[in-house]
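Hi everyone, and thanks for coming. Please take a look at the model on the screen, and then I'll walk you through a few spots in it.

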Amino acid sequence: MTRSEYQKQYQKYYADSGKKSEAAKRYYQKHKYEINEKLKNCIETDNVKELSVELENLKYSIDDCFELKEKPYSLFAIAIKLEKENLFNFLIEKKANLNKICEDKSPLMYATKYGNLKYVKKLVE
């Protein structure tokens with residue numbers, strides 16, 4: 001199965017049943033990427049120009065899942081969780097997947113969880 005097929009299966013299965021399929025779990029265990037020091041620094045400083053260069057150097061996509069504290073997160077989820085507005089706006093501008101689920105929540109669910117109405121509004125526009 002290709003990456004996009006797994007993602008579609010994961011999202012469909014999760015939406016239909018509220019549970020993750022075993023195939024989707026296995027896929028995300030194999031395809032979550034470490035956040036190295038450069039990426040971490042780019043995220044912490046909200047420097048999207050350097051982040052873009054580092055993602056390209058590592059051959060990572062803005063739609064990949066990244067491991068943070070032993071749990072996979074999308075860049076949208078990280079931007080929302082850490083309130084990194086430049087990163088969030090960069091992802092919108094680059095048309096990152098607004099419905100990306102790496103573990104169990106979409107970016108909209110994270111924005112709601114953290115009570116960030118500004119991000120909720122931008123995600124539903």
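Let's start with the lining of the largest pocket: by class, it has six nonpolar, six charged and no polar residues. In that sorting, Ala, Val, Leu, Ile, Met, Phe, Trp, Tyr, Cys and Pro count as nonpolar, Asp, Glu, Lys and Arg as charged, and the others, Gly among them, as polar.

A quick word on where this comes from: it is a predicted model, where local features need pLDDT of at least 70, side-chain atom pairs count only at pLDDT 80 or more, and totals for chains, interfaces and linings use all residues. Residues are numbered from 1 along each chain as its sequence is written, and side-chain values use heavy atoms, with hydrogens and water left out.

So what do I call a pocket? On a 1 Å grid over the protein atoms alone, a pocket is an open set of points where a 1.4 Å probe fits, with protein on both sides within 12 Å along at least five of seven lines; lining residues have an atom within 4 Å of a point. The largest pocket holds about 220 Å³ of space, where the volume is the space filled by probe spheres set on the points, and grid points are joined across faces, edges and corners. Among its lining residues are Lys40, Ile43, Glu44, Tyr73 and Ile78. Helix H3 (37-44), strand S2 (65-68) and helix H5 (75-81) each give two or more residues to that lining, and H3 supplies the largest share, three residues. Helices (H or I, at least four residues) and strands (E, at least two) are DSSP runs, numbered from the N terminus.

Let's stay with H3. Which of its residues are buried? They are Leu39, Cys42 and Ile43. Seen down the helix axis, the buried residues of H3 fall within an arc of 95 degrees, so they line one face; the arc is that of the directions from the axis to the C-beta atoms. Buried means under 20% relative accessible area, exposed over 50%, and partly exposed in between (1.4 Å probe, protein chains only).

At the start of H3, a side-chain oxygen of asparagine 36 comes within 3.1 Å of the backbone nitrogen of lysine 38.

Glutamate 54 is buried, at 8% relative accessible area. Leaving aside neighbours within four places in sequence, glutamate 54 is in contact (heavy atoms within 4.5 Å) with Asn36, Lys38 and Leu39.

Are they buried or exposed? Aspartate 46 is buried, with 16% relative accessible area, whereas lysine 59 counts as exposed at 74%.

Finally, the whole chain: eight helices and three strands, with buried residues making up 38% of its 125 residues.

Definitions and conventions
A polar contact is a pair of N or O atoms within 3.5 Å; within protein, one must be able to donate a hydrogen and the other to accept it, and residues adjacent in sequence count only if both atoms are side-chain atoms.
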